[in-house]
Amino acid sequence: MPFQDRRDAGRQLGRRMASFAGRGVVVLGLPRGGVPVAAEVARAVGAPLDVVLVRKLGLPQRPELAMGAVGEDGVVVVNDDVVRAARVEETTFADVERRERAELNRRARQLRGDRARLPLEGRTAVVVDDGIATGATARAACAVARSHGAARVVLAVPVGSPRALQEIAAEVDEVVCLESPQRFTAVGQAYADFRPTEEEEVLALLHRPPPAPPGDAPTPRDDDVVADAGPDGLPGHLTVPEHAGGLVVFAHGSGSGRHSLRNRAVAEVLVRAGMATLLVDLLTPAEEAARGPVFDVALLAGRLTAVARWAGAEPACAGLPLGYFGASTGAAAALVAAARDDTVRAVVSRGGRPDLAGPALAEVRAPTLLVVGGHDQQVLELNREAQARLRCASRLAVVPGASHLFEEPGTLRAAAELARDWFATHLVPVAPAEQPARRRADQPEE
């Protein structure tokens, strides 16, 4: 199961949403089950937490199935398909709505008391629940946020049904969802512990002091640099977007460098997702011409570590969690460097040769994603063997139709999006007491 409990789901969702920090965000949890998830998201992005109150309108004969929902300020959402299929009469619907609206008003008094709701005018409202099945409750919550003047409405859930997500996407500005299984049956299927959330827990979370706002954001940068590494410094290009959530240093493959069109394309995707990137030539032109250093994984790993250390001392990158993106022999260098440095939070290999990392594979602790083209059979088999030697959390993702260089239409974009999602999930640090147990993925994804 993807999530141990609601708080674990919230931590994972918060890591995905690191780029929202400092954007004038208010996080709104749906009581009860959505509030523990929302509390972790609010802490991750440094935003205040409030509730958005809605009530599901369950079918009289099947209360667990929503025929609609009601929200504050008279908002009503109707699931027309359910109403038609169950042949619900208007009077029946009205009776259920009246009863649930009375309960909604009671819950508002109980949860908020004399505390005014947080203003949403001109801000980004992030509506969070523990999952969505039909989507009626989430739609009502988003409509309430919109009616209160939110400039943008974002729905964020750990898990949701593909159909509900597709329907609600047209009604909000953005949907963030970690898991959307095709064989969706219920929200609880994604949780090892899905016990009901008690009212006392909701009240305690709402009365918890708000998280400290994020510190001063580093100054954005997009310029050429010379890293203090190698014989005479190594040239590179550093890009730091506003409110960067992490730094990804690229370890290029044999015969490649900071001008690689493929790696630059991946870096652009990462930057748009709120991550800083550093593309640097790990070898001098003379070393590349000699060819021997191109395959010297130990040399490349040492240079990569030195470059990362230099970047971490730059004011624009200070304090940003570190990740490595490696291609070809650069993937082996990234894994060797990660094995030596516990501060590395995540590693991604694209068309890489992780097998060349040798014994260091067993020492890697950073969650590692191996991306291989479906037509790159020899490298795919080498990646399978390498993954079997990893002891960290890992995943093998195969891009259908892609060759070794990912030159086929859409394949490089698919690899870049896999990398983006991996870094968004694993790059943002978790407090030491909250570190999840490291585990291997049960199965590679192909």
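A polar contact is a pair of N or O atoms within 3.5 Å; within protein, one must be able to donate a hydrogen and the other to accept it, and residues adjacent in sequence count only if both atoms are side-chain atoms. The model on screen is predicted: local features need pLDDT of at least 70, side-chain atom pairs count only at pLDDT 80 or more, and totals for chains, interfaces and linings use all residues. Residues are numbered from 1 along each chain as its sequence is written, and side-chain values use heavy atoms, with hydrogens and water left out.

**Stop 1: helix α1**

Select residues 6-16, helix α1. Helices (H or I, at least four residues) and strands (E, at least two) are DSSP runs, numbered from the N terminus. Now pick Gln12, which lies in this helix. Its side chain reaches the backbone oxygen of Pro2 at 3.2 Å. Gln12 is buried, with a relative accessible area of 16%. Buried means under 20% relative accessible area, exposed over 50%, and partly exposed in between (1.4 Å probe, protein chains only). Show the contacts of Gln12: Pro2, Phe3 and Leu178, leaving out residues up to four places away in sequence. Contact means heavy atoms within 4.5 Å.

α1 is mostly covered, with 8 of its 11 residues buried. Among them are Arg6, Asp8 and Arg15. The buried residues pack against α2, β6 (124-128), β7 (152-159), β8 (174-179) and α13 (411-426). At the N-terminal end, select Asp5, the cap of α1. A side-chain oxygen of Asp5 lies 3.3 Å from the backbone nitrogen of Arg7.

**Stop 2**

Go to β4 (residues 66-71) and β5. These strands pair in the antiparallel sense over 4 bridges. Two strands pair if DSSP finds at least two bridges between them. Ala69 stands opposite Val77 in β5. The hairpin has 3 residues between the strands, and Asp73 takes a positive phi near 65°.

Color β5 (residues 75-78) by accessibility. Val75 and Val77 form the covered face, Val76 and Val78 the uncovered one. In a regular strand the side chains alternate between the two faces of the sheet.

**Stop 3**

Most residues other than glycine have a negative phi, and most peptide bonds are trans.

- Pro31 and Arg32 are joined by a cis peptide bond, with omega about -5°. Arg32 lies in the loop between β1 (25-29) and α2 (34-45).
- Arg87 has a positive phi near 55°. It sits in the loop between α3 (80-86) and α4 (90-112). At 75% relative accessibility, Arg87 counts as exposed.
- Ser328 also has a positive phi, about 55°. It lies in the loop between β13 and α11 (329-340). Ser328 is buried, with a relative accessible area of 17%.

**Stop 4: the cores**

Which residues touch the most other members of the largest nonpolar core? Select Leu247, Val249, Leu278, Val307, Tyr324 and Val347, from a core of 54 residues. Helix α10 (residues 297-313) gives the most to this core, with 9 residues. Another core, of 44 residues, lies apart from it and includes Ala42, Met67, Ala156 and Leu205. A nonpolar core is a set of buried Ala, Val, Leu, Ile, Met, Phe, Trp, Tyr and Cys residues joined through side-chain atoms within 4.5 Å.

Next, click Leu320, in the loop between α10 and β13 (322-327). Leu320 is buried, at 16% relative accessible area. Its contacts are Ala244, Gly245, Gly246, Leu247 and Ala276, not counting residues up to four places away in sequence. Draw a distance from Leu320 to Ala276: the C-alpha atoms are separated by 8.6 Å, at 44 residues apart along the chain.

**Stop 5: helix α12**

Finish at Gln387 in α12 (residues 377-389). Gln387 is buried, with a relative accessible area of 5%. Its side chain makes a polar contact with the side chain of Ser394 (3.2 Å).

Val379, Leu380, Leu382, Asn383, Ala386 and Gln387 are buried. They cover an arc of only 160° around the axis, so they are on the same side of α12. That arc is taken from the directions from the helix axis to the C-beta atoms. What covers them includes β14 (344-350), β15 (368-373) and β16 (394-399). Turn to the face away from the buried side: it carries the exposed residues Gln378 and Ala388.
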